[in-house]
Amino acid sequence: MTAGRKWLVLAGAMGALLSPTAARAAPEHAAVRQAMDEAVERGVPGVTAQVRDAHGRWDGTAGVADITTGRPRGADERYRIGSITKSFVATVMLQLEAEGKLGLDDTVERWLPGAVRGHGHDGRRVTLRQLLDHTSGIRNYLEDPVVQKRLTTKEFLDHRYETWPRERLLAAALNGPPDFAPGTGWHYSNTNYLLAGLVVERATGHPYAEEIDRRIIKRLGLRSTSLPGTDSRLPGPGARAYTRFGGGAGDTMYDITEFNPSWAGAAGEMISTSADLNRFITALLGGELLPPRQLKEMKTTVSAENEFPGERHGPGLIRKRLSCGTVVWGHDGGLHGSLSQVAATEDGRHSIAFNFNTDRAGDVGAVLDAEFCGRR
């Protein structure tokens, strides 16, 4: 389950909660429909997905949006996309590089003087490229014991509407040693994108959310995509989102739909839909958002095998080899009550985007594998 890297320590598959509501599909999507139904049988309340390929567009759902009312999931629902946000942030950074406003080999110190210091961290030795491909060695703020306890245990329920200043998160990250010297290893760190968001703001003079909105959301007409900032609400239409803090099938299921996503920020705050995510990944890989040189940089990857077999990471983009040998490009995202994925073939002509409305059950990778490889 690749999305578990993002925010929470995810549990394994759980017992069935509800009978699946089978998505109707053309024969070419029978495998992904079955994988969605299996996810519901194993504890995911509901799944919503959209596929775009040579046959056109297919929208599928399984399970429910609300376990209390039994309302089924809908094809046009908004959901929290977690770390897929990183693909948007990296795209803006590469657009700025194309415009000559920054360089990926610039140091963090150049843009954020004195911001990365302490316990062996040194922004003078870290480049913007290393932030974007997770080779910086900068400690993940989610691995700080205090932050982790506040966000990943039931303690979160008492603080779900709390605003997390970026300075607080950065201080938590720098309150321990780096994972390795810059450029000598690979480790997924949300702190990298917290810093990337700050660099975008320094380079443009505008909040990173405004730059994403202007450069990507409005440009592509992503009408259901937003950056909520400190707003705890999930705009409709949308499913309820559920978590179990203990992770086990016998643990209480909490409705966690509303919370202040400021702790995710540029590393994972965004809200979108499957249709918008498919439009984004198709435009990105098709060259609509970046010149050829910058798109090539985005697809210049480093191995993440030490943590995620079959994966290589570039600036904001993951290259994943599936069980059948097919290679797809995209990103996944997980945070409270939500697991999401967008992926496409390298030319962008075959893509899928989907969401589970829980972070504590199901196998995102199985749905991805089913769409591009068929039944195993």
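How many of the 14 residues of H7 are buried?

Analyst: In H7, 13 of the 14 residues are buried (under 20% relative accessible area; exposed is over 50%, partly exposed in between; 1.4 Å probe, protein chains only). The helix is mostly covered. Keep in mind that this is a predicted model: local features need pLDDT of at least 70, side-chain atom pairs need 80 or more, and totals for chains, interfaces and linings use all residues. Numbering runs from 1 along each chain as its sequence is written, and side-chain values use heavy atoms, without hydrogens or water.

H7 covers residues 191-204. Helices are DSSP runs of H or I with at least four residues, strands are runs of E with at least two, and both are numbered from the N terminus. Glycine 205 follows H7 and has a positive phi, near 80°.

Helix H6 (166-173), helix H7 and helix H8 (208-220) each supply at least two lining residues. The pocket holds about 240 Å³ of space. A pocket here is an open set of 1 Å grid points where a 1.4 Å probe fits, with protein on both sides within 12 Å along at least five of seven lines; lining residues have an atom within 4 Å of a point. Of the 20 lining residues, Arg166, Tyr208, Ser262, Gly265 and Glu269 come closest to the centre of the pocket. The lining divides into 12 nonpolar, five polar and three charged residues, with Gly counted as polar and Tyr as nonpolar.

Move on to H8. Glutamate 211 pairs with arginine 214 in a salt bridge (Lys or Arg side-chain nitrogen within 4 Å of an Asp or Glu carboxyl oxygen). Their closest N and O atoms are 3.0 Å apart. Both residues sit in helix H8, three residues apart, about one turn of the helix. Glutamate 211 is buried at 1% relative accessible area. Arginine 214 is partly exposed at 48%. The pair belongs to a network of salt bridges that links Glu99, Lys101, Glu211, Arg214 and Arg215. The whole structure has 26 salt bridges.

Arginine 150 takes part in two of these pairings. With glutamate 155, the closest N and O atoms are 2.7 Å apart. With glutamate 162, the N to O distance is 3.1 Å. Arginine 150 counts as buried at 18% relative accessibility. Glutamate 155 is partly exposed at 21%, and glutamate 162 is partly exposed at 21%.

Last, the covalent link. The structure has one disulfide (cysteine sulfur atoms within 2.5 Å). Cysteine 324 and cysteine 373 form this bond, with their sulfur atoms 2.0 Å apart. The S-S torsion is about -65°, so the disulfide is left-handed. Cysteine 324 lies in the loop between strand E11 (317-321) and strand E12 (327-335), and cysteine 373 lies in helix H11 (residues 364-373), so the bond ties together parts 49 residues apart in sequence. Cysteine 324 is partly exposed at 42%. Cysteine 373 is partly exposed at 24%.

Notes
Grid points are joined across faces, edges and corners, and a volume is the space filled by probe spheres set on the points.
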